[in-house]
Amino acid sequence: MIKLNELTFEKRTGGNEMRFLHTADWHIGKKLHGFDLLAEQKDAFCQIKQIAAAQNVDAIVIAGDLYDRAVASEDSVAVLNKMLKELNLEEKYPLLAISGNHDSAIRLETGSEWYTATEFYLKTKFSDAFEPVTLNDTQFFMLPYFQPQMARNYFQDESLKNLPEIMEKVAAAMVQEFDPTKKHVLIAHFFAAGSSHTDSETMLEVGGLNPVPVDLLEEFDYVALGHLHDKNALKHPFIHYAGSPVKFSISEAETQKGVWIVDTDPYQAKWIPLKPLNDIHVLENSFAELTDPKLYRAIPADDYVAVRLTDRAVIDDIMNKLRHYYPRIISLSRVNGRESLIADENNGGQVNLDPLELFESFFEKMTDEKPTQLQEQIVQESFEELQKGDTYETN
Ligand SMILES: [Mn+2]
């Protein structure tokens with residue numbers, strides 16, 4: 001948690017210009033290799049709330065992926081509801097939020113008509129994008145994540161092939177709505193061309209979609225993007241990803257999380273980092289080094305650890321051994337490969353094992369973990385099928 005006295009409270013002139021906080025990709029309900037991240041997400045939220053207060057912002061923008069899943073758990077719904085209530089009903093910030101590819105637009109939409117009574121603008125429909133929300137000197141165009149067919153239906157144009165073609169039309173339709181006396185901000189959730197990504201994003205191109213060329217977005221004074229989880233995914237003076245407020249994958253171990261504070265006039269975008277409650281560490285060491293107090297004592301017990309083991313030797317029950325020193329170990333890989341198992345296979349005992357025991361021994365050697373009950377059951381059933389002489393079924 002950031003202590004309040006570490007932040008400078010900024011005085012504002014109180015003119016018609018706008019200062020807003022840009023965040024995205026909260027993914028409430030996200031798990032990291034089976035570990036619940038709600039504590040980390042709540043802590044990041046508290047920091048965001050403190051930054052909003054210290055920076056004296058006029059509004060908060062959340063650029064999609066509020067939830068991690070279309071059908072969010074009850075816990076996730078309760079947590080997000082409380083967060084939005086604190087920002088909007090208690091702290092009285094106008095909120096501008098869109099749905100991302102992880103959200104169910106229909107579920108998230110519930111209540112959005114009457115949320116506007118307290119300046120909570122929650123947009124989930126493609127058609128919403130062309131009716132800007134005006135706050136102070138700024139028109140906000142809010143484009144939720146959408147499927148290309150929604151755009152074809154909206155424009156009644158089946159010839160629109162891909163996302164670049166669609167976005168050209170979208171931007172032109174938005175420009176039609178520009179009030180020339182105002183600034184123009186786009187809030188959107190997509191993959192912008194020229195950006196790089198980390199493991200924790202579900203990529204949009206999977207559905208055959210192309211990235212959006214950034215030059216299509218240059219009519220705007222600022223573009224508040226969601227979808228990619230690292231702010232450094234795209235380097236541009238006024239088109240920014242906020243990234244996720246919490247590290248969601250091992251590939252984000254070195255990524256700095258934070259929020260953008262954007263001034264509309266004169267334009268300025270300032271990055272303010274968040275401090276991780278429990279960090280992710282990638283340790284590339286030998287087993288001897290990993291079990292040395294000098295190393296493991298330096299890592300807080302609640303931090304997440306990905307081990308890249310440098311040993312080649314087979315180490316029995318290594319995962320449980322390492323868990324003793326690193327309770328939140330989330331992955332184990334070997335950087336130098338592994339010694340040949342031939343020596344083990346030639347030891348006399350193995351030949352007398354039944355097929356299931358052989359499988360268990362092989363599985364443990366290959367993965368450093370014991371097979372689960374379900375895995376054993378599947379293998380057992382497969383052996384039985386084979387013994388019956390049945391042929392394989394595929395589906
Ligand atoms: Mn996301």
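Colleague: Is aspartate 65 buried or exposed?

Modeller: In this predicted model, aspartate 65 is buried, with 26 other C-beta atoms within 10 Å. The cut-off for buried is 20 or more.

Colleague: Where is aspartate 65 placed?

Modeller: Aspartate 65 sits in the loop between E4 and H2. Its phi is near 60 degrees, which is a positive value in a residue other than glycine.

Colleague: Which other residues have a positive phi?

Modeller: Histidine 33 is one of them, with a positive phi of about 45 degrees, and it is not a glycine either. Lysine 92, which follows H2, also has a positive phi, near 65 degrees.

Colleague: And histidine 33, where is that found?

Modeller: In the loop between strand E2 (31–32) and strand E3 (35–36). Histidine 33 has 12 C-beta neighbours inside 10 Å, so it counts as exposed.

Colleague: Back up a bit. How many helices and strands are in the protein chain?

Modeller: The protein chain has twelve helices and 16 strands. Of its 395 residues, 35% are buried. Among contacts with a separation of 6 or more, 73% are between residues 24 or more positions apart.

Colleague: What is the strand order in the six-stranded open sheet?

Modeller: The order is E6-E5-E4-E1-E12-E13, and the pairing is mixed. Strand E6 (120–123) and strand E13 (267–273) are the edge strands, each pairing on one side only. From one strand to the next, the twist averages 20 degrees.

Colleague: What does E1 pair with?

Modeller: Strand E1 (residues 19–23) runs antiparallel to strand E12 (residues 258–264), with four bridges joining them. Four bridges also join E1 to E4, and that pair runs parallel. Leucine 21 has a bridge partner in each: isoleucine 261 in E12 and isoleucine 60 in E4. Phenylalanine 20 stands opposite valine 262 in E12.

Colleague: Why is E1 described as largely enclosed?

Modeller: Because five of the five residues of E1 are buried. Arg19, Leu21 and Thr23 point one way from the strand, while Phe20 and His22 point the other way.

Colleague: Which strands does H1 lie across?

Modeller: H1 lies across E1, E4, E12 and E13, and it runs at about 165 degrees to E1.

Colleague: Now H2. Why does its length agree with what a helix should span?

Modeller: Helix H2 (residues 74–90) has 17 residues, and at 1.5 Å a residue it should span 24 Å; the end C-alpha atoms are 22 Å apart, which agrees.

Colleague: Which residues in H2 are buried?

Modeller: Ser76, Val79, Met83 and Leu87. The buried residues of H2 pack against helix H1 (38–54), strand E4 (59–62) and strand E5 (95–98).

Colleague: What about the largest nonpolar core, which members touch the most others?

Modeller: Ile60, Val61, Ala63 and Ile187, out of 85 residues in that core. Helix H6 (residues 163–176) gives the largest share, six residues. The core draws at least three residues from each of domain 1 (4–273) and domain 2 (278–339).

Colleague: Isoleucine 60 again. What is it in contact with?

Modeller: Leaving aside neighbours within four places in sequence, isoleucine 60 is in contact with Phe20, Leu21, Ala52, Leu87, Tyr93 and Leu95.

Colleague: Last topic. Where is the cis peptide bond at proline 266?

Modeller: The cis bond joins aspartate 265 and proline 266, with omega about -5 degrees. Proline 266 is in the loop between E12 and E13.

Note on methods:
Residues are numbered from 1 along each chain as its sequence is written. This is a predicted model: local features need pLDDT of at least 70, side-chain atom pairs count only at pLDDT 80 or more; totals for chains, interfaces and linings use all residues. A nonpolar core is a set of buried Ala, Val, Leu, Ile, Met, Phe, Trp, Tyr and Cys residues joined through C-beta atoms within 7 Å. Helices (H or I, at least four residues) and strands (E, at least two) are DSSP runs, numbered from the N terminus. Domain bounds come from an automatic or database domain assignment. Two residues are in contact if their C-beta atoms, placed from the backbone, lie within 7 Å. The expected span of a helix is 1.5 Å times one less than its number of residues. Two strands pair if DSSP finds at least two bridges between them. Axes are lines fitted to C-alpha atoms, for helices over the stretch in contact, and angles run from 0 to 180 degrees between N-to-C directions.
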